[in-house]
Amino acid sequence: MSIKDNLKNIKKDLPPHVTLVAVSKTKPIEDILQAYEAGQRIFGENKAQEMHSKHEKLPKDIQWHMIGTLQTNKVKYIAPFVDLIHSVEREKLLAEIDKRAKANNRTIKCLFQVHIAEEESKFGFDEEELMEFLASGRLQRYANVNVVGLMGMATNTNEKAKVQEEFHKLSNLFKKLKKQFFPNSADFNTLSMGMSQDYEQAIYQGSTMLRIGSSIFGNRNYT
Ligand SMILES: *Cc1c(COP(=O)(O)O)cnc(C)c1O
């Protein structure tokens, strides 16, 4: 199956409120262009320099999403153009994004990444940590970031019930934070959860944004 057919197959069953991020990490420019020609405009990368170099080479109406763990010293590579950073998992990173956004005269949209999986290797705020941060009011310091929601990754397992429970937890946290800390924000509307393996479950639990790589572009040789 071609990239175009894969995209078509995924998109035909997506509810209208769900946005598809095509995860193109490690994939060559030609593959991204195939998806672009099929109408895809949002692409996800997990390395700042790789995103930067792809941005240089590809059409400028592509919206680039950072989905991977971001080191503070790499923010500068993507700050001029990145559309949404899914992976904000500590305040220090938020502060750096704010600083670089300001220097570029723009606001950068961000999601808080929440740790919902069993694996310790997966990053993110703990629920209590995030509650504490939001309750502190310190988010107001960062005028050039616009926090528009949450992102999470479920445990990599075939146990459907476990994945379902993790997504359910994140979805509840999203609703709770929205009510408590963003009651008047029209922007806090994005719940980024669901990958190739588990996106149907994620939609069922209220996801509004899917990050899908291998089901579109085929398996990666490395991640
Ligand atoms: C690689 C990656 C994805 C896409 O994974 P697939 O299984 O290829 O769909 C989604 N989210 C994050 C954070 C990733 O690193």
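Reader: How much space lies in the largest pocket?
Author: This is a predicted model, so local features need pLDDT of at least 70, side-chain atom pairs count only at pLDDT 80 or more, and totals for chains, interfaces and linings use all residues. Residues are numbered from 1 along each chain as its sequence is written, and side-chain values use heavy atoms, with hydrogens and water left out. A pocket is an open set of points on a 1 Å grid over the protein atoms alone, with protein on both sides within 12 Å along at least five of seven lines; a cavity is a set where a 1.4 Å probe fits but cannot get out, and lining residues have an atom within 4 Å of a point. Taking volume as the space filled by probe spheres set on points joined across faces, edges and corners, the largest pocket comes to about 690 Å³.

Reader: Which residues lie nearest the centre of the largest pocket?
Author: The lining of this pocket runs to 32 residues. By class it has 9 nonpolar, 17 polar and 6 charged, where Ala, Val, Leu, Ile, Met, Phe, Trp, Tyr, Cys and Pro count as nonpolar, Asp, Glu, Lys and Arg as charged, and the others, Gly among them, as polar. Nearest the centre you'll find Lys25, Lys122, Met153, Met195 and Arg220.

Reader: And which strands each supply at least two residues of that lining?
Author: Strands (E, at least two residues) and helices (H or I, at least four) are DSSP runs, numbered from the N terminus. For the largest pocket, the two to look at are β6 (145–152) and β8 (209–212).

Reader: Which pocket is the space taken by the ligand?
Author: The residues around the ligand (a heavy atom within 4 Å) include Val23, Ile67, Ser196 and Gly213. That shell splits into 5 nonpolar, 3 polar and 3 charged residues. Going by more than half of the molecule's atoms lying within 2 Å of the grid points, the ligand takes up the largest pocket.

Reader: How much of the ligand's own accessible area does the protein cover?
Author: Look at the polar contacts (N or O pairs within 3.5 Å): a ligand oxygen is 2.5 Å from a side-chain N or O atom of serine 196, and a ligand nitrogen is 2.9 Å from one of arginine 211. Serine 214 uses a backbone N or O atom instead, 2.8 Å from a ligand oxygen. Of the 380 Å² that the ligand has on its own (Shrake-Rupley, 1.4 Å probe), the protein covers 90%.

Reader: What supplies the largest share of the lining of the second largest pocket?
Author: This one has about 240 Å³ of space. Its lining divides into 8 nonpolar, 4 polar and no charged residues, among them Leu134, Tyr142, Phe181 and Phe182. The largest share, 3 residues, comes from β6.

Reader: What volume does the largest cavity have?
Author: There is 1 cavity of 30 Å³ or more. Gln113, His115, Lys122, Phe123 and Met153 are among the residues lining the largest cavity, and its lining divides into 5 nonpolar, 2 polar and 1 charged. Its volume is about 30 Å³.

Reader: In which loop does threonine 26 lie?
Author: Most residues other than glycine have a negative phi. Threonine 26 has a positive one, near 70°. Its loop is the one between β1 (19–23) and α2 (29–37).

Reader: What is phi of asparagine 105 near?
Author: Asparagine 105 is placed in the loop between α5 (91–103) and β5 (108–114). Its phi is positive, though the residue isn't glycine, and is near 60°.

Definitions and conventions. Polar contact = N/O pair within 3.5 Å; in protein donor to acceptor, adjacent residues only side chain to side chain.
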